[in-house]
Amino acid sequence: MTGTHIPSNAPKENMMTPALDVFTPLVGSTFTVDTLAGAVELLLTEAREYPRKGLPEKFPTPLSLIFAGSPDRLLLQDNYCIEHPALGRHVWCIAPVSSPGARLSAAAPAFSPPEMQQRYQILFA
């Protein structure tokens, strides 16, 4: 399933700087992803910063978000419109990072047993 086409001249609403303190309180909550086949819900299961390792101060700290979703609607790597009540609507690149059968965090059981979930990542680097 691929993302919704985003015109290059689309308004840049709800610009935000992704940071750990923004996403940590949202772990365990659901994000809605718009696709050409309809809305898909993903559960945020993890938010983690990575070491800066000499990254100049003008760049943000690398941040990874891990989501769990139903294996019934696989999302391909693409840019998607993603919405959350606390954050509004944003366009972010989502990539699948593991198949059903991978062990997930305890926050993930909203969709199905951990062995039946697909994992996705959004990376801000």
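Two strands count as paired if DSSP finds at least two bridges between them. Keep that in mind as you look at this predicted model, where six strands form a closed barrel in the order β1-β2-β3-β6-β5-β4, with antiparallel pairing. On average, neighbouring strands of this sheet are turned by 45° against each other, direction ignored. Strands of a sheet pair through backbone hydrogen bonds, either parallel or antiparallel.

**β1 and its partner β4**
- Strand β4 covers residues 78-84, and β1 pairs with β4 in the antiparallel sense over three bridges.
- Then move to D34, which stands opposite C81 in β4.

**β1 and its partner β2**
- Strand β1 spans residues 30-35 and strand β2 spans residues 38-49; the two run antiparallel and are joined by six bridges.
- A hairpin of two residues links β1 to β2.
- F31 has L42 in β2 as its bridge partner, while T35 stands opposite G38 in β2.

- Which residues lie on the covered face of β1, and which on the uncovered one?
- F31, V33 and T35 make up the covered face, whereas T30, T32 and D34 make up the uncovered face.

**On to β3**
- β2 also runs antiparallel to strand β3 (residues 63-69), and six bridges join β2 to β3.

Terms used: Residues are numbered from 1 along each chain as its sequence is written. This is a predicted model: local features need pLDDT of at least 70, side-chain atom pairs count only at pLDDT 80 or more; totals for chains, interfaces and linings use all residues. Side-chain values use heavy atoms; hydrogens and water are left out. Helices (H or I, at least four residues) and strands (E, at least two) are DSSP runs, numbered from the N terminus. Axes are lines fitted to C-alpha atoms, for helices over the stretch in contact, and angles run from 0 to 180 degrees between N-to-C directions. Buried means under 20% relative accessible area, exposed over 50%, partly exposed in between (1.4 Å probe, protein chains only).
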